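Hi everyone, thanks for coming. Have the sequence and the 3D view open while I talk, and follow along as we go.

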Amino acid sequence: MRGARGAEGARQWCWRWRRNPLRRRDDVFEAWIVLVVWTVMVLGGALAGLVTARAADESFTRLRQDRHAVPAVLAGGTGSAVPAGESAVYDRVRATVRWTAADGKPRVGSALVPSGHKAGTRVTIWLDAQGRPTTPPPTRSAAATESTLLGLGAAVALGGLVFGAGGFARWRLDQRRYARWEREWERLGPQWGHKTP
């Protein structure tokens with residue numbers, strides 16, 4: 001019984017593809033729109049998601065390769081709370097630090113460090129490929145999670161865009177059908193009966 005219902009449902013879903021006297025050219029066109037939309041949503045969405053996730057993962061890998069940690073010394077205390085107007089990342093605050101660059105010269109700059117430390121405390125800061133203070137690179141697990149989320153976002157965005165375009169195309173087809181029906185009604189409606197006085 002359930003199999004018969006499934007076969008009947010498939011026949012109803014595919015009615016636009018079967019030859020029948022009531023099928024119009026617009027019905028076939030709409031069937032193609034639906035097929036293309038679902039194909040692009042599934043295959044294109046998967047491809048967009050994979051490409052985006054891979055690109056993000058490669059970007060995070062480059063960040064991990066370009067950034068390196070160096071020891072530094074706080075030039076001033078960081079206090080126990082985030083100062084007004086300063087940016088904070090979790091329990092970190094921006095503070096002035098001193099470190100030795102790769103060329104052996106001392107450097108002074110602003111970097112994100114843990115809060116709640118006094119001047120002279122040794123901390124670890126992160127430098128980019130040019131030797132400027134920067135944020136720490138994402139860990140492997142954080143990068144994997146973010147890459148996955150970006151991939152899913154790209155797949156959903158492409159799917160939504162294609163679904164919207166398909167919906168708009170079907171709406172335009174419906175408008176064309178309504179206009180055609182209205183013209184037919186104006187032409188044939190008066191022939192269907194006489195008005196009584």
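**Salt bridges, a cavity and a patch**

Let's start with Asp-103, which counts as partly exposed at 48% relative accessibility. For the wording here, buried is under 20% relative accessible area, exposed is over 50%, and partly exposed is in between, with a 1.4 Å probe and protein chains only. The side chain of Asp-103 meets that of Arg-107 in a salt bridge, 3.3 Å from N to O. A salt bridge here means a side-chain nitrogen of Lys or Arg within 4 Å of a carboxyl oxygen of Asp or Glu. Arg-107 is partly exposed too, with a relative accessible area of 34%.

Quick word on where this comes from. This is a predicted model, where local features need pLDDT of at least 70 and side-chain atom pairs count only at pLDDT 80 or more, while totals for chains, interfaces and linings use all residues. Residues are numbered from 1 along each chain as its sequence is written, and side-chain values use heavy atoms, with hydrogens and water left out.

Okay, the overall layout. The protein chain has three helices and six strands. Those are DSSP runs numbered from the N terminus, with helices being H or I of at least four residues and strands being E of at least two. Going along the sequence, you get α-α-β-β-β-β-β-β-α. The chain has 197 residues, and 24% of them count as buried.

Back to salt bridges: how many does the rule give? The count comes to seven. Take a look at Glu-30 and Arg-177, whose closest N and O atoms are 2.7 Å apart. This pair links distant parts of the chain, since Glu-30 sits in helix 2 and Arg-177 in helix 3 (residues 140–188), 147 residues apart. Are these two buried or exposed? Both Glu-30 and Arg-177 are buried, and for Arg-177 the relative accessible area is 6%.

Arg-177 also has a salt bridge with Asp-174, with the closest N and O atoms 2.6 Å apart. These two are three residues apart in helix 3, so about one helical turn separates them. Asp-174 itself is partly exposed, at 25% relative accessibility. Through shared partners, salt bridges join Glu-30, Arg-170, Asp-174 and Arg-177 into one network.

Next, the holes. On a 1 Å grid over the protein atoms alone, a cavity is a set of points where a 1.4 Å probe fits but cannot get out, and lining residues have an atom within 4 Å of a point. Searching the whole structure finds one cavity of 30 Å³ or more. The largest cavity holds about 30 Å³ of space, where volume is the space filled by probe spheres set on the points, and points are joined across faces, edges and corners.

Which residues line the largest cavity? They are Arg-92, Ala-111, Leu-112, Thr-124, Ile-125, Trp-126, Thr-134 and Pro-136. Strand 4 (106–114) and strand 5 (122–127) are the elements that give two or more residues to this lining, and strand 5 has the largest share, with three.

Last stop, the surface. Trp-32, Leu-35, Val-36 and Val-40 make a nonpolar patch of about 340 Å². Patch residues have over 30% relative accessible area and no salt bridge; like charges are joined within 9 Å, and nonpolar side chains (Val, Leu, Ile, Met, Phe, Trp, Tyr) within 5 Å. Leu-35 belongs to helix 2 (residues 25–66) and is partly exposed, with a relative accessible area of 38%.

Methods:
Areas by Shrake-Rupley, 256 points an atom, 1.4 Å probe, with all protein chains shown as cover. 1 Å grid on protein atoms, 1.4 Å probe; cavity = no way out; pocket = protein on both sides within 12 Å on 5 of 7 lines; lining within 4 Å.
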